[in-house]
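Work through the exercises below with the coordinates open. Each task is followed by a stepwise solution.

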Amino acid sequence: MTFELPELPYAYDALGPYMSAETLEFHHDKHHNAYVVNGNKILEGLPNMGKTLEEVVLNAHKQGETGLFNNAGQHWNHKLFWEWMKPNGGGDRPGNLESAITDSFGSFDAFRKQFIQAGLTQFGSGWCWLVLNDDGKLEVTKTPNGENPLINGQTAILGCDVWEHSYYIDYRNARPKYMEAFVDNLVNWEFVTELFEKGPIKIAA
Ligand code: MN3
């Protein structure tokens with residue numbers, strides 16, 4: 001397989017003022033593109049790592065192919081990250097997702113606090129996640145660098161990129177302000193609900 005850079009599902013200036021066109025131009029066109037280009041170069045020398053991106057992520061991780069894993073993991077993370085945001089995002093959650101969040105965390109506010117806290121306490125680069133476990137429970141997690149819930153056998157239904165490249169242009173060092181804007185004004189809860197309704201993903205790697 002080869003990795004392909006997806007187009008953003010909205011215009012570069014569509015997420016303002018919460019995420020600027022300049023951030024999206026750098027983040028999508030430079031950073032995400034570099035993971036795609038570098039991942040494809042490494043894949044040329046490792047042609048049997050899997051037929052799907054998910055298989056490549058898991059196999060590269062299992063086999064200690066760190067260079068491939070870093071780029072494949074980040075390609076997977078970013079493909080979803082663009083979909084996890086939308087213009088005029090945030091706001092109310094569809095009912096069945098809201099119920100699941102309330103069941104697992106007590107309230108949406110409790111989830112919101114945990115998710116933001118996970119992003120703030122991820123030291124250095126990484127991601128924070130809302131994952132769906134096999135037992136149907138939701139959980140907040142965080143991972144360093146390009147790691148993601150796939151390698152822990154968990155299904156990510158929401159993730160936030162807390163690498164500095166995701167917020168430094170718009171928020172400088174204020175990661176808390178970025179995290180709050182992400183949850184309150186950017187998240188595409190309909191897409192999160194779609195992933196929730198699909199259930200835990202199984203990958204034959
Ligand atoms: Mn990024």
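**Exercise 1: The end of a helix**

Task: Find the residue just after α8 that takes a positive phi, then describe the helix itself.

Solution. The model is a predicted one. Step 1: just after α8, G199 adopts a positive phi of about 85 degrees. Step 2: go to the other end. N188 caps the N-terminal end of α8, with a side-chain oxygen 3.2 Å from the backbone nitrogen of E190. Step 3: list the buried residues of α8, which spans residues 189-198. They are W189, F191, V192, T193, L195 and F196. E190 is partly exposed, because its relative accessible area is 40%.

**Exercise 2: The metal site**

Task: Identify the protein donors of the manganese ion and give their spacing along the chain.

Solution. Step 1: collect the donor atoms. They are NE2 of H27, NE2 of H78, OD of D161 and NE2 of H165. These donors lie 1.9 to 2.2 Å from the ion. Step 2: write the spacing as H-x50-H-x82-D-x3-H. Step 4: check accessibility. H27 counts as buried because its relative accessibility is 0%. H78 is buried too, with a relative accessible area of 0%.

**Exercise 3: A buried asparagine**

Task: Is N77 buried or exposed, and which side chains does it meet in polar contacts?

Solution. Step 1: locate N77 in helix α3. Step 2: read its relative accessible area, 0%; therefore N77 is buried, the cut-off being under 20%. Step 3: find its polar partners. The N77 side chain makes a polar contact with the side chain of Q74 at 3.1 Å. Another contact of 3.1 Å joins the side chains of N77 and N148. Step 4: leave out residues up to four places away in sequence. N77 then touches W84, W127, W129, G146, E147 and N148.

**Exercise 4: Two domains**

Task: Describe the interface between domain 1 and domain 2.

Solution. The contact takes 19 residues from domain 1 and 22 residues from domain 2. Step 3: take the buried area, about 1,700 Å², of which carbon and sulfur atoms give 68%. T23, W76 and F81 supply 30% of the area that domain 1 buries against domain 2, more than any other three residues. Step 4: count the polar terms. The interface has 0 salt bridges, but 8 residue pairs are in polar contact. Step 5: on the domain 1 side, α1, α2 (53-62) and α3 each give two or more residues. The largest share, 9 residues, comes from α3.

**Exercise 5: Salt bridges**

Task: How many salt bridges does the whole structure hold, and where do some of them lie?

Solution. Step 1: the search finds 4. Step 2: take K86 and E190, whose side chains meet at 3.0 Å, N to O. K86 is in the loop between α3 and α4 (95-105) and E190 in helix α8, 104 residues apart. Step 3: take R93 and E98, with closest N and O atoms 2.8 Å apart. R93 counts as buried because its relative accessibility is 18%, whereas E98 is partly exposed at 24%. Step 4: take D134 and K202, paired at 3.1 Å. D134 is exposed at 55%, and K202 is exposed at 63%.

Technical notes
Residues numbered from 1 in each chain as written. Predicted model: local features only at pLDDT ≥ 70, side-chain atom pairs only at ≥ 80, totals over all residues. Heavy atoms only, no water. Donors = N, O, S within 2.8 Å, 3.2 Å for Na, K, Ca; no water. Buried < 20%, exposed > 50% of the residue type's maximum accessible area, 1.4 Å probe, protein only. Helix = DSSP H or I, 4+ residues; strand = E, 2+ residues; numbered from the N terminus. Polar contact = N/O pair within 3.5 Å; in protein donor to acceptor, adjacent residues only side chain to side chain. Contact = heavy atoms within 4.5 Å. Buried area = accessible area lost by both parts, 1.4 Å probe.
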